[in-house]
Amino acid sequence: MNAAEIVIKLKRSCNGAIQSADICGNGRFYIHVEPDSLKDVCGRIFRDLDARFVTSIGADEREYGKDFLVAHNFAFDKLHLLCSVMTRADSESPFVQSISDVVPASNWAEREFRDLLGIEPIGHVYPKRLVLPDGWPDGVHPLRKDYPWNKVPEGFDETRVFNFDEPPPGCVVVPFGPFHPTLDEPAHFRLYVEGEMVRGCEYRGFMVHRGIEKLGDSVLTYNEIPMAAERICGICGCVHNVAYAQAVEDAAGIKPPKRAEYIRTIMLEIERLHSHLLWVGLACHISGFDTLFMQCFRIREPVMWIAEKISGNRKTYSLCVIGGVRWEITDALADELKAVLNELEKSWRAVVSAVEKDKNIQKRTRDVGIADKKLIKEMSLLGPVARAAGAPIDCRKDHPYAAYADLDFDIVTAETCDVWGRLKVRMYEVFESIKIIRQCLEKMEKGPIQAEIKEEIIPGRFGMSSVEAPRGESHHFVITGENNRPRRWRVRAPTYQNLQGVPAMIKDSPLADMTLALASIDPCFSCTDRLETVDINTGKIKTYTAKELEKLLQK
Amino acid sequence: MIINAEKIIILGMLLLGLGAIISFFIRDFKIKSSIGLLISFVVSVLTITAVYQVSYGLPSDGIILSLPLFDFLKFRVHVDGVSAIFLFLLGIVLPFIFQYSTAYVKSRPEMKNFCSIAFLLTLSVYGLLVVADTFIILGIFWQMLVFSGWWLIGNGENKRSKNAAKNFFIWMQIGCVLVICGAVLLSVICNVSNPSYFELFDFNTMSERMGDTINSNPFITNVAVLMFLLGFGIKLGVVPFGLFWLPDSYDSAPSPVSALFSAIVSKTGLYGLVRTFLNLLPENATEMFNYQIWGIILGSVGAITLIVATWRALIENEIKRILAYSSMATAGLILISLGVCVSILPLSDKASVVATSAIIGAFVHFINHGIVNAILFINTGVVLSSVRSRVIGSFAGLAKYLPLSCLCGFIASLSAAGLPPLNGFTGKWFIYTSAIKSSTNVPVFAILSGVAILAGIATVVIFVKYFGSIYLSKPMVRSDKQSDNVRLFIERDYNTILPQIGLCFITLIFSVFPQMLLNLITKLLIKNPHGFGKLIAKGIHRLNEYDMGMHWGFGYASAGVFATMAFAYSVATIFSKSGNSRKISAEPWLCGYQKYNQYTQYPASQLCHELINKVKQAVPLGFKSEQNVEMIDTDKDENDGQNPIQTGCGAGNKINRDNDF
């Protein structure tokens with residue numbers, strides 16, 4: 001089945017719901033539907049056609065003579081198609097049908113555009129504040145175009161307390177985060193615990209939301225955004241960098257040169273290597289196997305060094321510009337990279353055999369944090385979490401980008417659905433990454449690394465791109481715009497979906513498994529929140545009061 | 001005129017009867033309570049004098065009385081060692097409980113006759129303990145106890161009182177019938193020519209001719225003993241009979257009555273059992289009467305009671321019922337010890353020493369537990385009159401409002417949990433060691449001692465739950481109608497505090513100097529001449545020959561521990577005060593986001609929750625607790641047995657999987 005057939009099928013089953021459809025050649029298509037039948041169409045796509053929910057986008061297009069835009073993105077993984085279902089919402093009092101009861105995975109995404117743009121999802125199953133901070137006044141929506149990027153709203157109330165649910169009868173509340181030893185970043189889980197079994201939880205995150213999307217469509221330019229995008233996450237920054245560049249290229253129809261695509265592939269895989277090594281180490285650390293944690297970090301270090309040699313930085317590679325990459329991999333670097341890979345492969349085999357035979361780790365991780373196929377489907381979980389449940393979701397195969405279409409590699413899956421499965425998947429993916437980099441170095445031909453862009457990018461076009469981050473699919477959606485910057489740029493990091501599966505994973509399991517289950521999705525709250533932390537080493541400690549901080553913020 | 005113990009006790013009983021009548025007719029509350037207090041104090045002094053008279057005086061055969069109008073109704077009043085032990089506890093707790101009751105009754109006009117009825121109850125307990133009659137007089141005192149207890153329970157604190165009183169009444173009558181039938185059975189089969197009432201039903205004469213009775217009619221004797229076991233067992237509250245009346249009665253009775261019941265009234269059942277097994281049966285009839293089997297039966301009944309009561313206390317959420325069950329559990333532990341004693345006493349010299357230490361342990365534990373339970377019930381009474389709810393977890397942090405009660409509750413909880421160096425440990429130590437040692441003779445006791453020790457551990461949990469949930473953590477009341485639920489008063493009535501402090505003081509004395517109690521009990525046990533009493537007396541003389549953990553210095557170990565703790569505390573205090581250190585206190589750390597409120601406090605109902613769930617799953621019989629409204633059914637099957645998937649937010653938010661296509 002191809003995109004046209006899908007559209008025809010949908011037209012047949014939903015009478016008159018589909019206004020028009022835009023089928024692009026590169027495996028993307030856009031369907032414009034009547035607002036009244038949004039839920040119907042999305043439900044059919046999600047259930048009948050077995051698509052995976054990706055994300056929802058809300059955009060304020062009133063400036064351009066239109067209404068609010070709401071888009072729900074879906075992925076047909078087996079058909080290699082990405083689809084966006086679009087509809088319009090009234091410019092005065094915007095609302096759309098909520099799809100959250102038929103597509104549970106859209107829960108957060110809908111609440112996000114409700115918070116940021118004020119588009120009300122009518123009939124949402126859990127219409128509570130998600131993104132905006134507790135003290136933010138109601139009715140102020142920062143992502144609307146008429147809201148300045150640097151404004152603190154009037155009536156911001158520091159003392160306002162979030163209205164949490166009551167715990168179910170017989171349960172007490174155990175707070176988990178924002179400051180908790182096993183969390184590296186702030187997020188809050190209000191766990192409902194009976195005895196020591198977790199019976200449910202309420203999540204309150206986005207504590208470090210900094211509005212990077214707002215910056216993207218109001219301050220930065222096309223070629224500045226990759227730098228900001230890279231800083232969305234400290235672990236998989238390059239993924240966002242590449243995904244953004246690809247989304248813009250997709251919208252503008254720019255084709256980067258072949259060598260650039262190979263270099264992107266290599267850098268993405270180097271990033272995957274270091275991330276997997278880091279996560280396996282952390283998993284061992286959380287389950288109390290600190291020796292292996294140290295070993296993982298020792299093995300990881302050469303990967304960081306070679307990344308630094310290529311890009312000048314251990315982590316933030318600043319790789320992409322629109323239409324190409326900035327760093328060349330010379331022959332000398334390629335040789336060095338090969339040597340690093342050989343060494344890595346050898347030592348990693350030792351680690352893998354040690355972990356596989358270690359009964360303690362198995363006992364600690366088996367049957368912990370179960371996410372079965374049903375949950376994967378309902379919440380559209382991604383990456384190693386899905387693959388550990390035997391769902392072979394991998395953008396590198398499903399929606400090939402960069403040079404992946406030319407390469408030969410396997411999707412690692414497991415069937416155990418638990419943390420142990422995720423551990424195994426990530427351990428073996430290291431070998432696949434090594435294989436991919438070796439193939440790239442072999443197949444890569446000499447040539448330019450940046451495309452020449454002669455024309456201005458036409459405003460109002462859509463582009464989307466999915467890149468397989470170490471922890472799952474990162475999805476970027478771009479609407480091109482004027483003034484050398486996009487009108488709307490939406491980022492959906494993998495943790496955004498995976499975190500929504502955590503409550504089901506930890507339900508009816510002991511409190512002590514909570515940390516491991518949470519760590520097993522490799523949560524990255526910065527990704528989810530899209531935040532930037534500023535680290536100033538003055539050597540002097542000053543304690544700020546809330547008032548002083550507010551002043552600093554307003555400067 | 002020789003002043004012996006019996007005369008003193010009779011004087012005391014007359015005083016009690018007088019007090020009952022006087023306080024019935026006096027209207028003025030103040031005078032009434034002062035008279036009650038005075039009489040109970042005098043009776044207490046008399047009782048303790050009598051106890052010391054018994055322990056230092058010569059053994060007596062008691063005095064024989066007859067009722068004025070009914071000449072044939074002769075009966076013997078006899079205060080020997082065993083009675084004295086029970087009287088001793090009664091003498092200690094009586095004035096304190098009466099003092100507390102004056103504070104308790106003050107605000108309850110419907111209980112204006114409380115004092116006189118309570119005197120009647122006490123009088124009946126005295127009667128049961130000192131009168132060596134087994135038929136009519138026993139029946140009279142027993143009925144007196146039942147009716148006064150019925151009245152007291154029925155006028156209790158809540159609506160369940162009437163029902164509880166009814167259950168109490170019915171079961172006590174069943175017990176009474178069983179015991180008296182047993183006694184009649186024994187009298188019927190004896191071959192005394194031309195018997196008088198006194199010869200037939202006097203306990204001492206009965207005990208003397210028991211050897212012949214057993215030889216002539218072993219089966220009937222065994223049946224009679226079984227009836228005694230059942231009758232007194234019902235009174236003591238052994239499982240399963242105890243479950244039918246004891247928790248409800250203790251729960252609904254006014255707190256001073258609960259204290260009286262737990263400390264003394266139900267323990268008259270223990271008195272009956274001790275009398276039956278250690279005094280009634282002859283020491284030399286081992287062929288006709290299988291002591292070992294009876295000992296094992298006693299021990300098993302005790303162990304079952306211990307397990308069930310401990311388990312119920314563990315899952316219970318109402319504070320008074322927790323205490324009721326823990327009281328039952330103590331009875332079970334004492335029964336195990338009695339079983340050990342009965343089954344191995346006649347075996348050998350060494351075994352008789354182990355048996356002796358078992359019975360000493362049982363009595364030490366009995367006295368300590370009686371005192372401690374009196375404190376705990378008074379304590380609970382204070383709590384319940386401060387906070388209207390009785391369910392654990394609906395209030396917390398009362399230490400701020402009731403600091404002295406908190407301190408007393410702390411000492412009592414530690415002692416009841418059997419933690420060294422407090423006195424609760426002394427008795428348990430003897431019971432555990434003797435039960436373990438007895439298993440070389442009777443292997444079953446290896447299992448029973450294991451049960452006892454496990455239950456001892458669970459007891460710690462129970463009292464952590466009791467004390468922690470009431471007094472610790474931040475003060476709060478968990479209720480919708482806060483104003484209605486709180487009547488916190490700050491211990492303004494010294495009548496609620498003095499009894500606790502007084503009893504705690506006694507507890508501490510027995511903790512620091514456990515040998516005081518041990519010496520008294522050994523001295524009293526020597527003065528018990530019937531049946532096994534002789535063997536026990538011999539065993540006591542031999543105690544030093546075998547290693548029973550009662551070396552020289554044993555009695556001072558506890559004092560040493562206290563001294564060390566005091567020293568360590570003072571050193572720590574000195575260090576903490578030196579170097580300009582500051583004392584800092586902080587709120588509990590809730591990860592920086594949640595507010596400290598009723599939901600974030602860990603309630604005691606969640607203690608051991610997982611263990612309880614596992615046991616509930618493993619034992620399908622399901623000890624269902626109707627009070628446990630907070631437990632939610634975790635095995636509730638949603639459609640097709642799968643757990644509902646939760647979305648990334650909110651607990652009650654389920655996914656609608658029944659979409660229409």
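Okay, hi everyone. Before anything else, keep in mind that this is a predicted model.

Let's start with the whole of chain A. We have 18 helices and 16 strands in there. The radius of gyration is 23 Å, close to the 24 Å that the globule rule gives for 555 residues, so chain A is as compact as a globular protein of that length. As for the inside, 62% of the 555 residues count as buried. And if you take contacts in chain A with a separation of 6 or more, 68% come from residues 24 or more positions apart.

The accessible surface of chain A is about 21100 Å², and carbon and sulfur atoms hold 52% of that. On charge, I get 73 positive and 80 negative side chains, with the centres of the two sets 2 Å apart.

On to strand 4 of chain A, residues 68–76. Nine of its nine residues are buried, so the rest of the structure largely encloses this strand. In a regular strand, side chains alternate between the two faces of the sheet. Here both faces are covered: A:Phe68, A:Val70, A:His72, A:Phe74 and A:Phe76 are buried on one side, and A:Leu69, A:Ala71, A:Asn73 and A:Ala75 on the other.

Who are the partners? Strand 3, residues 52–60, runs antiparallel to strand 4 of chain A and is joined to it by eight bridges; in that pair, A:Thr55 sits opposite A:Asn73. Then there's strand 5, residues 81–89, also antiparallel to strand 4, over nine bridges. There A:Phe76 faces A:Leu81. The hairpin of strands 4 and 5 of chain A has four residues between the strands, and A:His80 takes a positive phi near 60°.

Next, a sheet in chain A: four strands, open, antiparallel, in the order 8-9-10-16. Strand 8 (172–176) and strand 16 (509–510) are at the edges with a single partner strand each, so one side of each has no neighbour in the sheet. Strands 9 (188–194) and 10 (197–204) of chain A share seven bridges, and A:His188 has A:Arg204 as its bridge partner.

Last one, over in chain B. B:Asn368 is in helix 16, residues 349–386. Is B:Asn368 buried or exposed? Buried, at a relative accessible area of 2%. Beyond its neighbours within four places in sequence, B:Asn368 contacts B:Asn423, B:Phe510 and B:Leu517.

That's me done, thanks.

Notes: Residues are numbered from 1 along each chain as its sequence is written. Chains are lettered from A and ligands numbered from 1 in the order in which they are written. This is a predicted model: local features need pLDDT of at least 70, side-chain atom pairs count only at pLDDT 80 or more; totals for chains, interfaces and linings use all residues. Side-chain values use heavy atoms; hydrogens and water are left out. Helices (H or I, at least four residues) and strands (E, at least two) are DSSP runs, numbered from the N terminus. The radius of gyration is taken over C-alpha atoms; the globule rule is 2.2 Å times the number of residues to the power 0.38. Buried means under 20% relative accessible area, exposed over 50%, partly exposed in between (1.4 Å probe, protein chains only). Contact means heavy atoms within 4.5 Å. Accessible areas come from the Shrake-Rupley method with a 1.4 Å probe; for residues, only the protein chains shown count as cover. Lys and Arg count as positive and Asp and Glu as negative; His and the chain ends are not counted. The place of a charge is taken as NZ of Lys, CZ of Arg, CG of Asp or CD of Glu. Two strands pair if DSSP finds at least two bridges between them.
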